[in-house]
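User: I've got a model open and want to go through a few spots in it. Can you take my questions as they come?

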Amino acid sequence: MALSWATPTHAQEYGGCERLRMGQLLGHPSPRVLFLGERRGTRKDLSRARRIVRKLAASGPVTLALEVVDGQKQNVLDRLSEGKLTPEKLPEALGWEASVGFDYRWYERLLRLYAQDGVQVSAVGQPVQLRPDEQTLPLPPGYALVLADAMGEGPVPPELEERLVQTAAWRDHRVAQAALDSWSGEGWLVVVVDRAQLEGGLGVQWQARQLTDAPVDFALLADAGSRCYKGDRLLK
């Protein structure tokens, strides 16, 4: 099950996006957490993410967490890094075609970074689930507006709005927690997620800030000619 996102259209004030160069984004000391928003399966975005990881790895350890890969497949990535699985067998072992569906070629170059010194690759994707009643969860202010905007022409009925907010925030929380759990706390943690989970500054990176004392940054990997929320950070 997956939520269907559309380009933002109306609910939030647009403009005021910060456009920054790669050096501005990466010119900070570690330890640090960086969320990167990709357009699913887009070569330009994924190539840029790979370039960022390689630059960071040149000066210290990097954990690369991929939200596109189901967290339950971490054992497959572990087998790859241990030499117990060949790269050619990786898409089959991940069940890529059936469970992911986006062009594997562009993600392959990211996944193969496991072979670069100082880079650890982890799987942190989480299914969409209702928040369990016994779990408490902080909610970012104004999140309902961002989510309603993302639904485009399929607005959520008012009676279901709270459930949507809770469900989306619960998934954001679990992705953030899984990524942080995969990180030693040394160097950089780079988390590549669907850009819809970063827009408005109220998604997965907001949850991460509630879970760690490490500095947390985020950026969308391309502006794609689309409007953006005030406070969004776009790589030039």
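Analyst: Go ahead. Arg-195 is one place to begin: its relative accessibility is 9%, so it counts as buried, the cut-off being under 20%. Keep in mind that this is a predicted model.

User: Where is Arg-195 placed?

Analyst: Arg-195 lies in the loop between strand 5 and helix 9, the latter spanning 204–211.

User: Other loop, then. Is Ser-182 buried or exposed?

Analyst: Ser-182 has 18% relative accessibility, so it counts as buried. Its place is the loop between helix 8 (158–181) and strand 5 (188–194).

User: What does the side chain of Ser-182 reach?

Analyst: The backbone oxygen of Ala-179, at 2.7 Å.

User: And which residues is Ser-182 in contact with, leaving aside neighbours within four places in sequence?

Analyst: Thr-63, Gln-120, Ser-122 and Leu-189.

User: Switching to helix 3. Which of its residues are buried?

Analyst: In helix 3, residues 74–81, the buried ones are Val-76, Leu-77 and Leu-80. They sit on the same side of the helix, because the arc they cover around the axis is only 95°.

User: What covers those buried residues of helix 3?

Analyst: The cover includes helix 4 (90–94), helix 6 (104–111) and strand 4 (119–125).

Definitions and conventions:
Residues are numbered from 1 along each chain as its sequence is written. This is a predicted model: local features need pLDDT of at least 70, side-chain atom pairs count only at pLDDT 80 or more; totals for chains, interfaces and linings use all residues. Side-chain values use heavy atoms; hydrogens and water are left out. Buried means under 20% relative accessible area, exposed over 50%, partly exposed in between (1.4 Å probe, protein chains only). Helices (H or I, at least four residues) and strands (E, at least two) are DSSP runs, numbered from the N terminus. The arc is that of the directions from the helix axis to the C-beta atoms. Contact means heavy atoms within 4.5 Å. A polar contact is a pair of N or O atoms within 3.5 Å; within protein, one must be able to donate a hydrogen and the other to accept it, and residues adjacent in sequence count only if both atoms are side-chain atoms.
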